[in-house]
Amino acid sequence: ANKRGTEQVINLVRSFGRDVVHNYMGHVQNNAEEAVRRVIADLKDGSYSYAMDCGGVINVTITAHPNDRSATVDFTGTSSALDNNFNAPLAVTKAAVLYVFRVLTGCDIPLNAGCLKPIKLIVPEGCMLNPHYPAAVVAGNVETSQAITNALFLATGTLAAAQGTMNNLTFGNDTYQYYETIAGGTGAGPTFNGTDAIQSHMTNSRLTDPEVLEWRYPVRLESFGVRNGSGGIGEYNGGCGVTRSIRFLEPMEAAILSGHRSKGAPGLNGGNAGQPGQTIITRINGQTETLAAADKSSLNAGDIITIETPGGGGYGS
């Protein structure tokens, strides 16, 4: 990917000249910076404390500085590095901040570092969002990034929380291995309902078509649909999550890496939280067991795993 990018930049320079390319790179970043500064000019100070199933708490305070249209995003008070894998590298934390402020601009601008120029970012060293080696970070990109994003939108008072997890499902044996993320509900805002059954914020992956999934793997997709009633109620309702059930046709090991299993995604300005998610295994003999947010289990032929993903938070009472 880097080699391809290098080749494309060289081609641009050959076509338009070094000075033109250099100047336009500057224009793109300057435009993004100005778009974010316009947002900050109307931004109100805010803070939020966001608790996660993994035991971590993300504390964020956003302070706007109208005089120079800049802002401070301060994660002081966030939990120290955890003994599980939900720590997020600083690059992930920065990316989440950049994403949120780019979304707030409402402009179709390229994602670039200019968005961060008006923002002073404080992330204490050694906390779960800026951990020291050898802290485990595999869930930081897929789970904690979602929590950071929700916390930032809630602190700005602009958007209730989305499902806040990617519902990472893996299963396999010596022959087959499979990994998917599963959609959920998004948060409502001051003039709109959340969206049902959609990949949100930090994830944009697509699911394998049912026919292809069943052709390539010894599984059967028993059901996949909207989880009605799972969005938080408010003046504007949060989006609903989904229900996805997979029957195994031969023994497999399955694991779930997820969030918002103990509490639902928070609402905003009086809106209710969405329904929390759950992962249930139904054995061939009819017995059921509920997995924790981060858990695994062995399944036999005929067993079914059902993932109910969280709904988004509602907005307004």
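Residues are numbered from 1 along each chain as its sequence is written, and side-chain values use heavy atoms, with hydrogens and water left out. Because the model is predicted, local features need pLDDT of at least 70 and side-chain atom pairs count only at pLDDT 80 or more, whereas totals for chains, interfaces and linings use all residues.

A nonpolar core is here a set of buried Ala, Val, Leu, Ile, Met, Phe, Trp, Tyr and Cys residues joined through side-chain atoms within 4.5 Å, where buried means under 20% relative accessible area, exposed over 50% and partly exposed in between, with a 1.4 Å probe and protein chains only. The largest such core has 50 residues, and those with the most contacts inside it are Ile 58, Val 73, Phe 75, Leu 129 and Leu 152. At least two residues of this core come from each of helix 2 (18-41), strand 2 (57-65), strand 3 (70-74), helix 3 (90-105) and helix 4, and helix 4 gives the largest share, nine residues; helices (H or I, at least four residues) and strands (E, at least two) are DSSP runs, numbered from the N terminus. Leu 129 has contacts, meaning heavy atoms within 4.5 Å, with residues including Ile 58, Phe 75, Val 123 and Ile 148, neighbours within four places in sequence being left aside. Another core, of 19 residues, lies apart from the largest one, and among its members are Tyr 178, Ala 254, Leu 299 and Ile 307.

Thr 156 belongs to helix 4 (residues 138-156) and counts as buried because its relative accessibility is 12%. Its side chain reaches the backbone oxygen of Phe 153 at 2.8 Å, and, neighbours within four places in sequence aside, Thr 156 is in contact with Leu 43, Ile 62 and Leu 104.

Leu 249 sits in the loop between strand 8 (242-248) and strand 9 (252-257), and because its relative accessible area is 42% it counts as partly exposed. With neighbours within four places in sequence again left aside, Leu 249 is in contact with Pro 218, Val 219, Arg 220 and Ala 301. Leu 249 and Gly 229, although 20 residues apart in sequence, are 31 Å apart in space, C-alpha to C-alpha.

Grid points are joined across faces, edges and corners, and a volume is the space filled by probe spheres set on the points. There is one cavity of 30 Å³ or more, and the largest cavity holds about 100 Å³ of space. Strand 1 (46-51) and helix 4 each supply at least two residues of its lining, which includes Tyr 50, Glu 143, Ala 147 and His 260.

The largest pocket has a volume of about 190 Å³, and its lining includes Tyr 99, Phe 153, Thr 186 and His 201. The second largest pocket contains about 160 Å³ of space, with Tyr 48, Asp 53, His 260 and Lys 263 among its lining residues.

Key
On a 1 Å grid over the protein atoms alone, a cavity is a set of points where a 1.4 Å probe fits but cannot get out, and a pocket is an open set with protein on both sides within 12 Å along at least five of seven lines; lining residues have an atom within 4 Å of a point. A polar contact is a pair of N or O atoms within 3.5 Å; within protein, one must be able to donate a hydrogen and the other to accept it, and residues adjacent in sequence count only if both atoms are side-chain atoms.
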